[in-house]
Each structure stands twice: as C-alpha cells, then as structure tokens.
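Me: Take one part of this structure and look at it closely. I would like a connected account, with the cut-offs stated.

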Amino acid sequence: MEGCEMLAALTGLGLSTAAGLNAYIPLLVVGLLANFTDRVKLPGDYAWLTNGWVLAVIAVLLLAEIVLDKVPVVDHVNDMIQTAVRPAAGGVVFSATQAASQLDHSAWMAENPWVGWVVGIGVALVVHVMKSSARPVVNATTVGAGAPVISTVEDAGSLGMSLVAVFFPALVILALIVLAIPAFFLLRALRRRRARRAQRLSQASQPS
C-alpha cells in the first residue's frame, strides 16, 4: 500500500512539473488517457476532464500556447498570463491523479483533497518561475533566435514528463534530475547577467 502511495505521489509530482512547463499538455494527456484507456481512472469530481468539449478547448489552447511561446517578446507576455494558468493546471493534475489513486485507500486523502492542490500548485509555480526567469536570458543571448528552440524543448519535456509520470512513475526523480541540469546552467547565467548589469549601473552612477 505504501508503495502505491509513493508511486501516486511521483505521478502527481511529474504531472505538476510538466504543467509548470506547459499547462495544457499534462491536462490533455490525463484527459485523453482517462477517456480512452484504463491507465488513468479519475474520480467523479474530475470526470469533466474526460469531456470531449473540454478536451477540444484544451487542445485549442495548447496550439495557441505552442505558437505564442515561440515568438520573442510575445513569449514574455504569455509567461505573465501563464503565471496563474500553469500553477492551476498543476493543482488539477496532481489532485486528480492523487485522488484517483488514494480514493479507496486513504480516508485522510479523501477528507483533505486540498493537499494535492497545494502541492501541485507549488511545484508547477516553482517550475514556471524558473522557466519564465530563464527565457529572457535565452532571448537576450541569442537575439531572439533561441526562443523557438528552447520552447520546443520545454514542450517536449512537458510531454515526456507527463508520459513518464503516468506510465513509469518510478523514473520521475531521474527525469527531474535531467530537467534540472539545463535549468541550473540557465539560472546561473541569469545571475551572472544580473550581476554584470548591476556592476554597469554602479559604474555609471559613479562621478567621473
């Protein structure tokens, strides 16, 4: 039972991480798998995620996200909008899959569904902040040419993490490490860029 609970937590963790990269991919993956396979079984409160119209809307939003996130400057505006959307999606997918797995096994989880929401929102928000902080560095250092490349990598990472979370939850930690390596270097570049900017401003403010 404890093993199942751990796998359920890893599934939720992986899906909410994916939502931090792209809000709509894990929602679509969970909805489609729950609708057409037995791999994901959602409790009644989340049955709306299998509705055909809901999935169609998510698909349209995903297409818009894929296009907008690859255009320099526009991607920054999109990230600002997604500050609310991605954490919310993380809360949905973590809570839905965690609730589904624990529905028959944990009275405490059934009585405290907010736990999955809080964890999912927190994880997705952290990933989103890292993504939105790193994107300006990529755009500045590549004169915008890197935006479509890094966006495609993020979309692929979101899809890959979603599938790993559902089908191979034990590998979620490994997948997180793989995603963390480029994030580490991007964030370090961001700190260096800010330090250089602060140094230039300090030098400019000094009397000649």
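Reply: A residue is called buried when its relative accessible area is under 20%, exposed when over 50%, and partly exposed in between, with a 1.4 Å probe and protein chains only. This is a predicted model, in which local features need pLDDT of at least 70 and side-chain atom pairs count only at pLDDT 80 or more, while totals for chains, interfaces and linings use all residues. Residues are numbered from 1 along each chain as its sequence is written, and side-chain values use heavy atoms, leaving out hydrogens and water.

First, the setting. The chain has 8 helices and 0 strands. Helices (H or I, at least four residues) and strands (E, at least two) are DSSP runs, numbered from the N terminus. Of the 208 residues, 42% are buried. Contact means heavy atoms within 4.5 Å. Among contacts between residues at least 6 apart in sequence, 75% join residues at least 24 apart.

The part to look at is H7. Helix H7 covers residues 146-167. Its 22 residues reach 31 Å from first C-alpha to last, close to the expected 32 Å. That expectation is 1.5 Å times one less than the number of residues.

Which residues of H7 are buried? They are Gly146, Ala147, Ile150, Ser151, Glu154, Asp155, Gly157, Ser158, Met161, Ser162, Ala165 and Val166. Seen down the axis of H7, these buried residues fall within an arc of 165 degrees, so they line one face of the helix. The arc is taken from the directions from the helix axis to the C-beta atoms. An α-helix has 3.6 residues a turn, so residues three or four places apart point the same way. Val149 and Val153 are exposed, on the face of H7 turned away from the buried side.

Now Ser151, on the buried face. Ser151 counts as buried because its relative accessibility is 0%. Leaving aside neighbours within four places in sequence, Ser151 contacts Asp69, Lys70 and Arg135.

Ile25 lies in helix H2, residues 24-36. Ile25 has 8% relative accessibility, so Ile25 is buried too. Again leaving aside neighbours within four places, Ile25 contacts Leu62, Asp155, Ser158, Leu159 and Ser162. Asp155, Ser158 and Ser162 are among the buried residues of H7. Met161 is another of the buried residues of H7. The C-alpha atoms of Ile25 and Met161 are 9.9 Å apart, though 136 residues separate the two along the chain.
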